[in-house]
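Please read them with the structure open.

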Amino acid sequence: MTDTHGAGSLTPAIRLENLTRRFTGRGAETLALAGVSLDVAPGEIFGIVGRSGAGKSTLIRTVNLLERPDSGEVTVLGQKMLGLDDASLRAARQRIGMVFQHFNLLSSRTVAENIAFPLEIAGVPAAERKRRVEALLPLVGLEAKRDAYPAQLSGGQKQRVGIARALASEPKILLCDEATSALDPETTQEILRLIRDLRDRLDLTVLLITHEMAVVKEICDRVAVMEAGAVIETGTVFDVFTQPAHPTTRRFVAEVIGRAVPPGTVAALPPPDVGEERRLLQVLFAGPAATRAVISDVSRRFTVDLNIVSGRIDEISGRPYGLMALAAYGQPVAIASAIAYLRELGLTVTDIAESALSEEGH
Ligand SMILES: Nc1ncnc2c1ncn2[C@@H]1O[C@H](COP(=O)(O)OP(=O)(O)OP(=O)(O)O)[C@@H](O)[C@H]1O
Ligand SMILES: [Mg+2]
């Protein structure tokens, strides 16, 4: 597991330690959580991405103990959750809002009444309920819809109600379980922007799960990739996108930004001459560096042929980067010197084993 940017010295808003959860049903056993540990720093938007069945929902539901782990420790805002009595747990849950994929609105209640519903349950007096609902409606852009019923709303509007309802208890933490998965791409963007905006205005910490890496790229600061109940990779979104370590992560990343090295292009490359070798290099640089100049400079200095196989300039988390695949031809020693020189220039050079390409090529 790589975590280049840990949660730092701040006390984490959410700390999950070595969580396990096993389900038994119809004779079959599923290890939904196989020892998951995770720290989410205050104020960050932390994404958990994984395929269906990876254990994402089970994991996020342990944060407010909708799901009790079999073992491990859950600490939220410095409070250990597993030992709490019922009253303390109810109080702790007030500090944790949750948004669901299918909104879960009450159809017989208006927008304003849906938002107020958890406050009614919690016994908040009517005047205070009204104050909070009035404050939330403009925050989520639903002032004009306060008296509408869910059936009269679009998917995006329904999710805005779901978000406002999650925020009614004035939580510090917002959990989102596939909050945009039932929405079209444009509405997804809109809801993601809203979540980021609310994080900024209300100082929220957001833990968000999704099966879409595009959502992670759009909104998250850090991300954990889950597979078969385990976290297989964690890091900043920038690092995970530009230098994914695990094959599963590479496949996820490729869905959004394409493969760094298209296998078909590699297959078409000429073989090296006798006495030479051919190596595939991935070169990562921050900012639109003068790549052509670097390449011709290195070629001349080290008698190495560098051919650009693919290249892209993009931006992640507001940081521009370039990612290039090069085929290097030359004497092994010359190629090694060229790589060392590129690294001296501050570029990140990874040797891509050609065998790794076929592993990803499906
Ligand atoms: N209440 C349950 N009883 C039995 N098995 C369960 C239960 N909840 C989850 N599981 C199993 O645990 C595993 C993880 O499920 P989970 O819902 O956490 O996955 P997920 O990553 O959220 O998937 P999805 O993307 O489909 O929502 C799956 O194999 C699932 O079938
Ligand atoms: Mg799920």
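**Notes on the predicted model**

1. Gln159 sits in helix 5, residues 155-167. Helices (H or I, at least four residues) and strands (E, at least two) are DSSP runs, numbered from the N terminus. This is a predicted model, in which local features need pLDDT of at least 70 and side-chain atom pairs count only at pLDDT 80 or more, while totals for chains, interfaces and linings use all residues. Residues are numbered from 1 along each chain as its sequence is written, chains are lettered from A and ligands numbered from 1 in the order in which they are written, and side-chain values use heavy atoms, with hydrogens and water left out.

2. Gln159 counts as buried because its relative accessibility is 0%. Buried means under 20% relative accessible area, exposed over 50%, and partly exposed in between (1.4 Å probe, protein chains only). The Gln159 side chain reaches the backbone oxygen of Phe100 at 2.8 Å. Not counting residues up to four places away in sequence, Gln159 touches Val99, Phe100, Gln101, Phe103, Ala179, Leu183 and Ile191. Contact here means heavy atoms within 4.5 Å.

3. Which residues are around ligand 1? They are Phe23, Thr30, Ala32, Arg51, Ser52, Gly53, Ala54, Gly55, Lys56, Ser57 and Thr58. Each has a heavy atom within 4 Å of the ligand. By type, the shell divides into three nonpolar, six polar and two charged residues. Ala, Val, Leu, Ile, Met, Phe, Trp, Tyr, Cys and Pro count as nonpolar, Asp, Glu, Lys and Arg as charged, and the others, Gly among them, as polar.

4. A polar side-chain atom of Lys56 is 2.7 Å from an oxygen atom of ligand 1. A polar backbone atom of Ser57 is 2.9 Å from a ligand 1 oxygen. The protein covers 59% of the 630 Å² of accessible area that ligand 1 has on its own (Shrake-Rupley method, 1.4 Å probe). Strand 2 (28-40) and helix 1 (56-63) are the elements giving two or more residues to this shell. Helix 1 supplies the largest share, three residues.

5. The largest nonpolar core has 55 residues, and Ile115 and Ile163 touch the most other members. Such a core is a set of buried Ala, Val, Leu, Ile, Met, Phe, Trp, Tyr and Cys residues joined through side-chain atoms within 4.5 Å. Another core, of 30 residues, lies apart from it and includes Ile48, Val74, Leu89 and Leu175.

6. Asp197 is in helix 6, residues 185-202. Asp197 counts as partly exposed because its relative accessibility is 31%.

Definitions and conventions. Polar contact = N/O pair within 3.5 Å; in protein donor to acceptor, adjacent residues only side chain to side chain.
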